[in-house]
Amino acid sequence: MGGFRLGSVLGFEIRIDYSWFIIFFLILWTFSFGVFPAVLPDLDAAVYFAMGLTGTLLFFASLLAHELSHSVVARRRDIPVEGITLFVFGGMAHTRMEAESPGDEFVIAGVGPLASLGIAVLFGAIGILAGAAGWPLPIAVVAQYLAFVNLALAVFNLLPGFPLDGGRLFRAAAWKYTGSLRKATRWASNGGKVLGYVLIALGLLQFFGGALLGGLWFVFIGWFVRTVAQAGFRQHVLRESLEGVKVKDLMAPEPVAVPGDTNLDEFVQQFIMDGRHRAYPVVGDQGVTGLVTLDRVRKAPRDEWSQRTVADIMKPRDDVEVASPDQPMTEILDRFGGAEGGRILVIQDGELLGIITRSDLSRWIERSEMLESS
Ligand SMILES: [Zn+2]
């Protein structure tokens, strides 16, 4: 899913995924039309909306603070954090690598629920102060709800299933106890899968008991937890098996490249139809200039193929995913998703040395797994 950059806080890039708007409006709606009118009847609709909007924005600020706490502690422990994304199920801090010791993992995971607990206490105190100082009632009510929501967030995150913080705490403990990160990850992922199914079951019970929306949310969250738990384990095994492998070990060397002035007719004939690939690096006098894919050709009107060149339609070099030959594979793993045509070009000193595709990667993993299981 796509998204946009919101800005940066403490040096961390903050992004909003478009799916975030779903939960933003859902919470805004629940606050403005459900919760606040029920707690404080007979107020103006505009007041409820103002309360709802304030509450929703502060809720997202709280989520962000939770993720920032993970990020700050990770950075302190020399684990680089690329940024934070807020999406439909909350927030996620992206790290390029995993913790290297159970102690680091424990502290990085544990600080999140602590932060949410701290925020809950803060809003609780504001609520009590507002009541004591005789501030308008809506302020006290919004503060109380934020205290409650943050407390719920802290408790939910402590559930012992990966990818929740509680699952990471559990994994750190199991890692320390067994000495095997893989075993610990498997246990925590299984915990996450069980937790996911429990949430789905609870959601279905609620749904058929009449709480339609609440029930559906439980089902969604349960499904999400289950899926991420499973993907997280695979991702982990992948990272582990790629430990020590460099980009040059996996790349296809001396890739076929297309001269930039080739017109699309020729390109389709000689490279797409007669060639073996669906995407090719484009070269000019100064070396690599971009990447051209079958998809891009398809988007160009067919009657213009004879007049247009691959340089006209290619993805320019600056936007293409690029790696250097001595880079560790684990560093570029996350970039295949965003790479056009699933391809990363391997370039050194401006010279095209090779190309890595997602299928090269899967083939490599498949073979290393076959070797391991024999
Ligand atoms: Zn967390």
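**A buried aspartate at the zinc ion**

Modeller: Asp165 is buried and yet takes part in no salt bridge; the nearest side chain of opposite charge is that of Arg168, 4.8 Å away. Buried means under 20% relative accessible area, exposed over 50%, and partly exposed in between (1.4 Å probe, protein chains only). A salt bridge requires a side-chain nitrogen of Lys or Arg within 4 Å of a carboxyl oxygen of Asp or Glu; for charge, Lys and Arg count as positive and Asp and Glu as negative, with His and the chain ends not counted. The model is predicted, with local features requiring pLDDT of at least 70 and side-chain atom pairs pLDDT 80 or more, while totals for chains, interfaces and linings use all residues. Residues are numbered from 1 along each chain as its sequence is written, and side-chain values use heavy atoms, with hydrogens and water left out.

What does Asp165 coordinate? Asp165 supplies OD donors to the zinc ion, which is also coordinated by NE2 of His66 and NE2 of His70, at 2.0 to 2.6 Å. Donors are N, O and S atoms within 2.8 Å of the metal (3.2 Å for Na, K and Ca); water is not among the atoms, so a site may look incomplete. The arrangement is irregular because the four donor atoms around the zinc ion subtend angles of 55 to 147 degrees. Four donors count as tetrahedral if all angles lie between 85 and 135 degrees; four count as square planar and six as octahedral if opposite donors are over 155 degrees apart and all others between 65 and 115, and anything else is irregular.

Along the chain, the zinc donors follow the spacing H-x3-H-x94-D. His70 belongs to helix H2 (residues 45–76) and Asp165 to helix H5 (residues 165–178), so the pair ties together parts that lie 95 residues apart in sequence. Helices (H or I, at least four residues) and strands (E, at least two) are DSSP runs, numbered from the N terminus.

His70 is buried along with Asp165, and their side chains are joined by a polar contact of 3.2 Å. A polar contact is a pair of N or O atoms within 3.5 Å; within protein, one must be able to donate a hydrogen and the other to accept it, and residues adjacent in sequence count only if both atoms are side-chain atoms. Leaving aside neighbours within four places in sequence, Asp165 is in contact (heavy atoms within 4.5 Å) with both histidines, His66 and His70, and with Ala109, Gly112, Pro113 and Asn157.

The rest of the chain gives the setting. The protein chain has 13 helices and 12 strands, and its C-alpha trace spans about 75 × 55 × 45 Å along the principal axes. Of its 374 residues, 45% count as buried. Among contacts in the chain with a separation of 6 or more, 61% are between residues 24 or more positions apart.

Gly222, in helix H7 (residues 212–241), counts as buried at 0% relative accessibility. Not counting residues up to four places away in sequence, Gly222 touches Gly196, Leu199 and Ile200; its C-alpha atom is 7.3 Å from that of Val198, 24 residues apart along the chain. Lys315 lies in strand E9 (residues 315–316) and counts as buried at 17% relative accessibility. With residues up to four places away set aside, the residues Lys315 touches include Arg296 and Glu340.

Asp165 has no salt bridge, but the structure holds seven. One of them joins Asp360 and Arg363, at 3.7 Å from N to O. These two residues are three apart in helix H13 (residues 358–373), about one turn of the helix. Asp360 is buried, with a relative accessible area of 15%, whereas Arg363 is partly exposed at 39%. Arg298 forms another salt bridge with Asp295, with the closest N and O atoms 2.4 Å apart; Arg298 counts as exposed at 59% relative accessibility and Asp295 as partly exposed at 40%. Glu13 and Arg5 also meet in a salt bridge, 2.7 Å from N to O, with Glu13 partly exposed at 30% and Arg5 partly exposed at 46%.
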